[in-house]
Structure formats: structure tokens, C-alpha cells
Amino acid sequence: MNKKKQAQVFHFDLFGSRNDKYDFLNNNSIGSIAWNNLEMKAPNLFFTKKDFQAAEDYEKGFKVDELYLFNGAGVQTKRDNVFVGFDESSLTDRMCRLLANEFSENELKEFNIKNSSSYRLLEKIEKSEFENNFIRDYNYRVFDNRKLYYDNNLLGRAFYKIMQHMLVPNIGLILCKQQSSFDFQHCFITKDITDHNSISLQTKEASYFFPLYLNPVINDQQTIDQQQERVPNLNLKIVQQLAKATGLTFTPEVEDGEFTFAPIEILDYIYAVLHSPAYRAKYKEFLKIDFPRVPYPKNKQHFWHLVELGGQLREIHLLESRLVEQHITTYPEAGTNEVEKPVFKMYDYDCTPPGEEHPDYLGDVYINSTQYFAKVPQSAWEFYIGGYQPAQKWLKDRKGRTLTFHDIEHYQKIIVALTETGRLMKDIDLVGVE
């Protein structure tokens, strides 16, 4: 027996009812089943059939985690109900009372504040005092920014080495290393400290953060060394390959003119590519198992076309684009504004714009029995980013809460952002990513 020879692996899928499967097993044997002989290729030895015909093209691209030299997982507070708040005022009040040892026994129990073998929370609280500068904007979920008490000594896993670079103005890409339940749609952008589950709660789909710049933070009290300049968090070897492909000169910061490119433009290029439906479909098997690879641009014009579209996506997802101010929905009824059970009620007519092949339908999103957001596109209501449908999750996470004027406006911006994302993804495919 040749021990060095790789074994053959055979695979067969059977779908149907339980009775159909029993009948199949009763009427077949190992020898009669039409097995698939799997092609086993290292390093990924899958025990199911995969389509890897596009491997050669895919491998020509650069890996995102090799371009961004410094990256890491998002924050795990271990006590979101303690350290995360919808607004600064309520979070400040809670943390002041907690750190002044003013919580009652019932509150300590309610918030699960206790010591464990690896997380001596009560002891940490005893040694801490409230610091207002620890209140930070927090990218908690897709389009759902909240407030975080970011004390490196109190949080379960603050991941300070990576998140310290978001304590001053910066921007970063969010990706998952693997997908366990969905094909690749796990890509978002933020300017804030990021949660471990910011784009998915699914198993294996932890959020990893890739900051654009590294900032000179000098201590755990979140002090910035103003005497030093920030530096791009980029692998210069890959940057040089991008420069070669485009004929452009790289600069650490944006400069006027069309002959140079900067870190933000590399990010916009990547962001466009990762939102291409054709790219996601062609390379879906690879995108499930590791951080994505991105093809190099064909030339300068190709690069700038995708940079433009990626930049529009970035501004829309940060809700900074003027487009999100142009609401396509209304909120016509007065009332309590309390979110009970969000329900989408679709109209019975087609609102397809002239010349478009696929219809989009409108409906009303009810937050309670009488109040609703009117004229919400079904495509926006059902749109996925990562493991979430943001138009649904944002409301569900506010069940029992009263929406403020800002909340109502914010939700209308989300609907515009999701609608525009679908449009821009089609435009990216018209340009093509390869």
C-alpha cells in the first residue's frame, strides 16, 4: 500500500422528504449510487463538490489582508447591555452609577455584572472611575451607530491595538474571513470603532477591521501624539503593483490632479470590486473560505471608473452622500412613534421605471398598528448586507422604543442608501472588474 498516495473521496447529495430518502436507501446500495469523485486540492480539502474552475484568475489578484498589513477582529464588550447605549446621555448615566458603585443588587443581577475565572469585572469596576472621553461612537450594526464606553480595562475584548487607530478621524473596511450561512455579501465601511458582530451574527462570520491609516496613539488613555503624522496601513509592494497597472504615482494623502492615487482611492477601488455581483458570483467558492482577493485594474481608466463608483458607495454607506437626504419615503401619520412589530405591507401594483427589466414593488413599513413609512421599495426592505437585512433589523432592534425625529429621518436615509446600493452594484458590473 502506497501511504503517500492521496485517497479518493466520493460524494453524493440527496434532497427531499424523509420518506423519499428512506425509499432511496432501501432501493440502493453503495455500489449503485452515482457518486461524485471529488477533486482534492491542497490546502483546502473539501468533502463536498466545489467549483474551482476560476482559481487561476482569482489567484492573480491581491489579498485584502496582505494589502492592509494591520487588521483585527471587532470589539467584544461581553456586556453590550452595560457598555453600549443608544445615546450618550443614557450611557453616561449608567456608567457613572456603575463606576460609583450605585447599582443595586437587582441591577447587578439584571446586567449580569459578576466575576468569572477569566473576566474579573467586579474587581475592574472597583478600580475604575468614569472618564467622559471614553464615550465613543460605535459601529454596532449595519447603519446602526450607537455609543460605546470604550475603556480598555473594562471591556471583555477591546482589541485596543487595532481600534486605537479609530480614536482620531480615520476610515476602515469591514470584512468577514469566512461565510457559514450566506454567499459573500459581507462588506461594509465605517469611521468608528467596530463591533465583533457588526455585519453578521452567524457562526464564523466575525467582523474583521482594516483601518486605512495607522495613527500615533501613545498610551491606553487614548492620547494621540500630534507631533507625528499618520501613515498608510498598506503593503507598499502591492501598492507598487497597482501603480504599475495604472501608470499612476502613489501619494500617502490625496493630491490634486489625475496622475496620483492615494489610500482612499485604493479603498474605493476595492469597495467597488467587492460589490460587483458578477465578481461575487464568479468567485463565490473562494470568497466563502478566506478574505477576498481583488483583481488588479486593467489600466488607469478602468481604475478611475471603479474608484468613482466605489467612492459613491462609500459616501452612501456612511450616510454622507447628498443622495440620502433626498428621501423616497414618507412618514405620514402622527402617533406614539413606538416600535411594536415591524411589518411590510406591499402594494398591489408594479412601479418599475421605464426601460428596466425587473420590477420593484412599493409597500408600507408599519412600526405599529397606525404608523408607517410609506412607499418603501421591496428591494430595500429585503436587501442584505452581510448577515443582516438592515431595513428590517434596525427597526426590530428598537422594538419597545419610541422613535425620535432623528430616528425617523435616519431610517429614511437607510432606505435611500439600500436602494442606491442596488443601483450602483449594477453600474459596477457595467464597468466590469476584470
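Trainee: Where is the place of lysine 161?
Mentor: Lysine 161 sits in helix α8, which covers residues 160-163. Helices (H or I, at least four residues) and strands (E, at least two) are DSSP runs, numbered from the N terminus. Keep in mind that this is a predicted model: local features need pLDDT of at least 70, side-chain atom pairs count only at pLDDT 80 or more, and totals for chains, interfaces and linings use all residues. Residues are numbered from 1 along each chain as its sequence is written, and side-chain values use heavy atoms, with hydrogens and water left out.

Trainee: Okay. And is lysine 161 buried or exposed?
Mentor: Lysine 161 counts as exposed because its relative accessible area is 66%. The cut-offs: buried is under 20% relative accessible area, exposed is over 50%, and partly exposed is in between (1.4 Å probe, protein chains only).

Trainee: Zooming out, how many helices and strands does the chain have?
Mentor: The protein chain has 16 helices and 19 strands. Of its 434 residues, 48% count as buried. Now take contacts (heavy atoms within 4.5 Å). Among those between residues at least 6 apart in sequence, 69% join residues at least 24 apart.

Trainee: Which residues touch the most other members of the largest nonpolar core?
Mentor: Those are Phe83, Tyr150, Leu173, Ile270 and Tyr411, in a core of 111 residues. Helix α16 (residues 405-431) supplies the largest share of this core, ten residues. A nonpolar core is a set of buried Ala, Val, Leu, Ile, Met, Phe, Trp, Tyr and Cys residues joined through side-chain atoms within 4.5 Å. As background, nonpolar side chains in soluble globular proteins tend to be buried together.

Trainee: What does phenylalanine 83 touch?
Mentor: Leaving out residues up to four places away in sequence, its contacts include Leu91, Met95, Tyr119, Leu148 and Leu155. Arg94 and Lys147 are also among them.

Trainee: New topic: how many aromatic pairs are there?
Mentor: There are 24 aromatic pairs. Rings of Phe, Tyr and Trp (its six-membered ring) pair if their centres lie within 6.5 Å; planes under 30 degrees apart count as stacked, over 60 as edge-to-face and the rest as tilted. Take tyrosine 269 and phenylalanine 303: their ring centres are 5.4 Å apart and their planes are at 35°, so this pair is tilted. Tyrosine 269 is in helix α10 (residues 263-274) and phenylalanine 303 is in helix α13, so the pair ties together parts 34 residues apart in sequence. Both tyrosine 269 and phenylalanine 303 are buried.

Trainee: What about tryptophan 394 and tyrosine 411, how are their rings set?
Mentor: Their centres are 5.6 Å apart and their planes are at 40°, so that pair is tilted. Tryptophan 394 belongs to helix α15 and tyrosine 411 to helix α16, so the pair ties together parts 17 residues apart in sequence.

Trainee: Why does tryptophan 394 count as buried?
Mentor: Because its relative accessibility is 3%. Tyrosine 411 counts as buried too, at 0% relative accessibility.

Trainee: Which residues form one aromatic cluster?
Mentor: Phe250, Phe261, Tyr269, Phe303 and Trp304 form one.

Trainee: What lines the largest cavity?
Mentor: Arg141, Val142, Asp144, Tyr388, Pro390, Lys393, Trp394 and Asp397 do. On a 1 Å grid over the protein atoms alone, a cavity is a set of points where a 1.4 Å probe fits but cannot get out, and lining residues have an atom within 4 Å of a point. Helix α15 (residues 390-396) gives the most to that lining, with three residues.

Trainee: Last one: which residues does threonine 329 touch?
Mentor: Lysine 375 is one of them, and Ala374, Val376, Gln412 and Ile415 are also touched, not counting residues up to four places away in sequence. Threonine 329 is in the loop between α13 (300-317) and β17 (343-350), and it is buried, with a relative accessible area of 5%.

Note on methods: On a 1 Å grid over the protein atoms alone, a cavity is a set of points where a 1.4 Å probe fits but cannot get out, and a pocket is an open set with protein on both sides within 12 Å along at least five of seven lines; lining residues have an atom within 4 Å of a point.
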